[in-house]
Amino acid sequence: ILIALLLTPLSWLPDAAATPSRSPERFWRYPLWALLQQAMLLIAIAPRCLLIARSHAPNAALLAGLAFALLHLPNFALMLATAAGGTLWAMLGFRHRALLPLATSHAILGLWLTHIAPAWLVRSAEVGGRFLMGE
């Protein structure tokens, strides 16, 4: 809730026209995608970062957050958001080992961010080659 409130001022920035990321179908697809992303973060990325960081959880969480952000290349604005989110989710994952609550928060924050942020900032939350293509 605190992070969602901190993101709210983004809605005050000037916006462009509605984007595909704000379509109603995204509200049923994105939670499934968030669950898959959280599983990758907590099952594949974070444990390896814990090995690299020699079992120091805060450093491992930061590494996991940075790795998670790299998966959102080349969208720099989205990379910043996912670095913070990925670090927080990894820390909570190390502490609680609960996938579904973290995936739920990922889905809620991701949908909230794409709903309130101006299209020019998040660029429809696109990553990879789609981000490089024209709108």
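Visitor: Exposed means over 50% relative accessible area. What does S55 count as, buried or exposed?

Guide: This is a predicted model. In it, S55 counts as exposed, because its relative accessibility is 62%, above the 50% cut-off.

Visitor: Where does S55 lie?

Guide: S55 lies in the loop between helix 2 and helix 3. Its phi is near 65°, a positive value in a residue that is not glycine.

Visitor: And what about R54, where is its place?

Guide: R54 is in the loop between helix 2 and helix 3. It has a positive phi of about 55°, although R54 is not a glycine either. With a relative accessible area of 75%, R54 is exposed. Most residues other than glycine have a negative phi.

Visitor: What does A64 touch?

Guide: Leaving aside residues up to four places away in sequence, A64 touches L41, I45, A46, C49 and A90.

Visitor: Which residues are buried in helix 3?

Guide: A60, A61, A64, G65, F68 and A69 are buried there. Helix 3 itself has 14 residues and reaches 20 Å from its first C-alpha to its last, close to the 20 Å expected at 1.5 Å a residue.

Visitor: How many aromatic pairs does a search of the whole structure find?

Guide: The search finds one. The pair is edge-to-face, because the rings of F68 and W89 have their planes at 85°, with centres 6.3 Å apart. F68 lies in helix 3 and W89 in helix 4, so the pair ties together parts that are 21 residues apart in sequence. Both F68 and W89 are buried.

Visitor: What about Q37, does it count as buried or exposed?

Guide: Q37 counts as buried, because its relative accessibility is 5%, under the 20% cut-off. It is found in helix 2. Apart from residues up to four places away in sequence, Q37 touches Y30, F68, H72 and H106.

Visitor: One last topic: which residues does a cis peptide bond join?

Guide: It joins L73 and P74, with omega at about -5°. P74 has its place in the loop between helix 3 and helix 4. Most peptide bonds are trans.

Definitions and conventions
Residues are numbered from 1 along each chain as its sequence is written. This is a predicted model: local features need pLDDT of at least 70, side-chain atom pairs count only at pLDDT 80 or more; totals for chains, interfaces and linings use all residues. Side-chain values use heavy atoms; hydrogens and water are left out. Contact means heavy atoms within 4.5 Å. Helices (H or I, at least four residues) and strands (E, at least two) are DSSP runs, numbered from the N terminus. The expected span of a helix is 1.5 Å times one less than its number of residues. Buried means under 20% relative accessible area, exposed over 50%, partly exposed in between (1.4 Å probe, protein chains only). Rings of Phe, Tyr and Trp (its six-membered ring) pair if their centres lie within 6.5 Å; planes under 30 degrees apart count as stacked, over 60 as edge-to-face and the rest as tilted.
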